[in-house]
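Dear colleague,

I am handing over the structure we spoke about, and you will find the sequence and the coordinates just below. My notes on what turned up in it follow after that.

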Amino acid sequence: PTRIIIDCDPGVDDAAAILMALGSPELDVLGVTTVAGNVTLSATLTNACRIVGLARRPDVPVMAGARAPLLRDQIFGKYAEIGAFPAHLVGMGRVEPAAENAVRFIARMARAAARTQSPLTICAIGPLTNIALALRLHPEVARGIRRIVCMGGTFQAPGHASRWAEFNMLADPHAAAIVFDSGVPLVLFPLDVTTKALFTERHVAAFRASGSEGGRALANLLTEYDRSDPARYGRLGGPLHDAMTVAWLLRPGLFTGRPARVEVQLTGPANGQTFADFAAPSPRVAVMTGVDEPGYIALVSERIAAAGRAGHR
Ligand code: BDR
Ligand code: CA
């Protein structure tokens with residue numbers, strides 16, 4: 001299996017990505033690391049512990065990392081008031097967080113991976129603070145990372161955290177710049193592609209009917225915090241941005257993309273805006289542009305249905 005670390009800020013779509021990964025035998029989840037983002041660090045940690053708990057995976061360590069962005073003032077997501085997922089939506093089960101700091105864990109795992117020449121994959125679905133810190137504090141860890149599969153940025157589509165910026169970029173643009181410049185290969189899922197696959201009430205009902213704890217919890221979260229926006233997307237349904245990173249790891253053929261060099265704006269009103277140069281020499285970022293929507297939705301549904309099902313590891 002592909003060895004991954006999920007660095008996240010759950011977040012409803014982060015929860016979907018974690019559940020999918022835990023429901024996928026092709027992936028070996030070494031740990032779930034959390035960062036402040038959609039909600040505070042303590043709430044992202046609680047939420048990750050609840051999601052890993054309901055998937056019945058106490059073998060997967062969950063750790064907290066950065067409490068705030070590197071330089072800018074802190075912002076939270078649109079649904080910041082969610083805070084910690086209430087137990088009536090996701091159940092009472094939870095794992096205890098591990099004591100190790102997330103940045104140290106990422107560095108320790110990457111260093112070990114470099115030693116054994118089996119570099120690992122990082123699924124980065126929150127602000128990039130933890131990963132930037134790991135790369136800056138321990139430059140040797142870059143060698144232990146095969147690639148970072150990241151949800152973030154927007155190129156043609158308008159921003160949603162500001163007029164120009166996507167949330168993960170706006171929340172810590174300096175961290176994003178460090179990661180884009182690190183030399184580690186990246187696969188990037190901007191809003192342009194994540195908003196091309198929308199989950200409707202019918203899909204949410206199917207999550208609920210799947211009979212798994214993961215499916216039920218995700219259906220409850222999606223019902224409570226409706227993400228559809230017909231004015232923005234031109235049709236019914238809402239995206240599950242972060243789940244695309246995990247789907248790509250399982251079935252990259254569902255997606256199309258183009259290599260580019262990516263930069264992020266660090267100041268002014270367009271702070272957090274991303275730019276792609278598709279003509280740059282030696283591009284390091286595969287910018288995803290297209291998705292097979294029905295294939296992707298079927299894959300998400302299948303793996304969510306496997307998460308937290310009795311008998312599943
Ligand atoms: C990203 O920001 C968060 O709101 C989501 O969890 C996702 O990672 C989408 O822009
Ligand atoms: Ca996220």
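Please keep in mind while reading that this is a predicted model. The largest nonpolar core has 65 residues, and the members that touch the most others in it are Ile6, Val32, Phe255 and Tyr296. Helix α1, which spans residues 12-22, gives the most to this core, with 9 residues. If one sets aside the neighbours within four places in sequence, Ile6 is in contact with Ile18, Ala21, Val29, Gly31, Val32, Thr33, Cys123 and Ile125. Apart from this core lies another, of 38 residues, and Ile106, Val184, Val262 and Val285 are among them.

I also looked at helix α5, residues 129-137, where the buried residues are Thr129, Asn130, Ile131, Ala132, Ala134 and Leu135. The cover over these buried residues of α5 includes the strands β1 (2-8), β2 (27-34), β4 (120-124) and β5 (145-151), together with the helices α4 (102-115) and α7 (173-180).

The last item is a pair of helices, α9 (residues 201-209) and α10 (residues 213-224), whose axes come within 6 Å and cross at roughly 145°, the crossing of α9 and α10 being left-handed. On the α9 side the contact is made by Val204, Phe207 and Arg208, which meet Gly215, Arg216, Leu218, Ala219, Asn220, Leu222 and Thr223 in α10.

With best wishes

Definitions and conventions
Residues numbered from 1 in each chain as written. Chains lettered and ligands numbered in written order. Predicted model: local features only at pLDDT ≥ 70, side-chain atom pairs only at ≥ 80, totals over all residues. Heavy atoms only, no water. Axes fitted to C-alpha atoms, helices over the stretch in contact; angles between N-to-C directions. Helix = DSSP H or I, 4+ residues; strand = E, 2+ residues; numbered from the N terminus. Left-handed = near helix turned anticlockwise from the far one by under 90°. Contact = heavy atoms within 4.5 Å. Core = buried A, V, L, I, M, F, W, Y, C linked by side-chain atoms within 4.5 Å. Buried < 20%, exposed > 50% of the residue type's maximum accessible area, 1.4 Å probe, protein only.
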